[in-house]
Amino acid sequence: MIDVEGLSKSCGERTLWRDVSLTVGPGEMLALVGPSGSGKSTLLNCLGLLDRPNAGVIRHEGKDITRFGRREARLFRRDVLGYLFQGYALIENATVEENLEVAVKPRRALRDQAGPSVAEALQRVGLAGRHKETVHRLSGGEQQRVALARLLVQQPRLVLADEPTAALDRDNTGMVLDSLREMSRAGCAVVIATHDDTVRDACDNVFAVGAPLVSK
Ligand SMILES: Nc1ncnc2c1ncn2[C@@H]1O[C@H](COP(=O)(O)OP(=O)(O)OP(=O)(O)O)[C@@H](O)[C@H]1O
Ligand SMILES: [Mg+2]
């Protein structure tokens, strides 16, 4: 479903990665690994239209998303993508519940899908009954789990996760991985940048940024 071909990215004089080709199908989980600074987050950002590659194509269902205009990009973000970025994209001054609802409504109306309710998703991530709390009062790991709960409600077709377990203990790492696997079983493609061996081992394929694809 996501098909990357010949992708390259430079920052000034420096080439981050060159000629990256990979495919992530529905139901598949891909780990992006590599040393700090190798460009994992940058690659995720290119997949999520937050950054642009210097060369190559990224196809989603046959269309090169790097050539999307503003409207197509907006619809792609709204209807296809789900983000799980550390400390990213939560509304700090709003409650847990409000953070879940803003992301949910347009999509629900559009596709009329029966995903889990806000309450069910919060229960799933171990935050049952916490929906009235303000996000900025939560710990880093709790905020991360709010973002995960939002994904569960959204049911995106492509999830991009940047070090989704960095602030979490072992139990919560397992919970995040189980939830992502559940989404992938439902047909979602999942790409995770990580330094965590537990996360890498839970994925179907591993792409070492700057080196060839390793199949498990
Ligand atoms: N828009 C940009 N302009 C200039 N330099 C950039 C830009 N985006 C990223 N970089 C540089 O590219 C390099 C790769 O950054 P990136 O965040 O993708 O690495 P990473 O593999 O995710 O690292 P980490 O494991 O530490 O998160 C860094 O040296 C960063 O400073
Ligand atoms: Mg990074």
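Me: Which strands do the buried residues of H1 pack against?
Reply: Happy to start there, keeping in mind that this is a predicted model. H1 is mostly covered, with six of its eight residues buried. Those six are Lys40, Ser41, Leu43, Leu44, Cys46 and Leu47. The strands that the buried residues pack against are S1, S2 (14-24), S3, S4 (55-60), S7 (158-162) and S8 (189-193).

Me: Which residue just after H1 takes a positive phi?
Reply: Most residues other than glycine have a negative phi, and most peptide bonds are trans. Just after H1, a phi of about 60° is found, and the residue that takes it is leucine 49.

Me: Which helix gives the most to the shell around ligand 1?
Reply: The shell is made of Cys11, Leu16, Gly34, Ser36, Gly37, Ser38, Gly39, Lys40, Ser41, Thr42 and Ala193. By type, these residues divide into three nonpolar, seven polar and one charged. The element that gives the most, with three residues, covers 40-47 and is helix H1.

Me: Is valine 4 buried or exposed?
Reply: Valine 4 has its place in strand S1 (residues 2-11). Leaving out residues up to four places away in sequence, valine 4 touches Val20, Ser21, Leu22, Gly56 and Ile58. A residue needs 20 or more other C-beta atoms within 10 Å to pass the cut-off. Valine 4 has 21 C-beta neighbours inside 10 Å, so it counts as buried.

Me: What is the order of the strands in the open sheet of four strands?
Reply: Let's start with one pair: S1 and S2 run antiparallel and are joined by seven bridges. In that pair, lysine 9 stands opposite tryptophan 17 in S2. The open sheet has antiparallel pairing, and its order is S2-S1-S4-S5.

Me: Which strands stand at the edges, each with a single partner strand?
Reply: The order to keep in mind is S2-S1-S4-S5. A strand with a single partner has one side left without a neighbour in the sheet, so the strands at the edges are S2 and S5 (63-64).

Me: Is aspartate 19 buried or exposed?
Reply: Aspartate 19 is found in strand S2. Its phi is near 55°, a positive value in a residue other than glycine. Because aspartate 19 has 10 other C-beta atoms within 10 Å, it is exposed.

Me: Where is glutamate 163 placed?
Reply: Glutamate 163 has a positive phi of about 45° although it is not a glycine. With 19 other C-beta atoms within 10 Å, glutamate 163 is partly exposed. Its place is in the loop between S7 and H6.

Me: Which element gives the largest share of the side of domain 1 that touches domain 2?
Reply: The chain is divided into domain 1 (1-80 + 158-216) and domain 2 (91-155), and 11 residues of domain 1 are in contact with 13 residues of domain 2. On the domain 1 side, the elements that give two or more residues are helix H2 (70-79) and helix H6 (170-185). The largest share, five residues, comes from H6.

How values were computed
Residues numbered from 1 in each chain as written. Chains lettered and ligands numbered in written order. Predicted model: local features only at pLDDT ≥ 70, side-chain atom pairs only at ≥ 80, totals over all residues. Near = placed C-beta within 6 Å. Nonpolar A, V, L, I, M, F, W, Y, C, P; charged D, E, K, R; others polar. Domains from an automatic or database assignment. Contact = placed C-beta atoms within 7 Å. Buried ≥ 20, exposed ≤ 12 C-beta atoms within 10 Å, placed from the backbone. Pairing = 2+ DSSP bridges.
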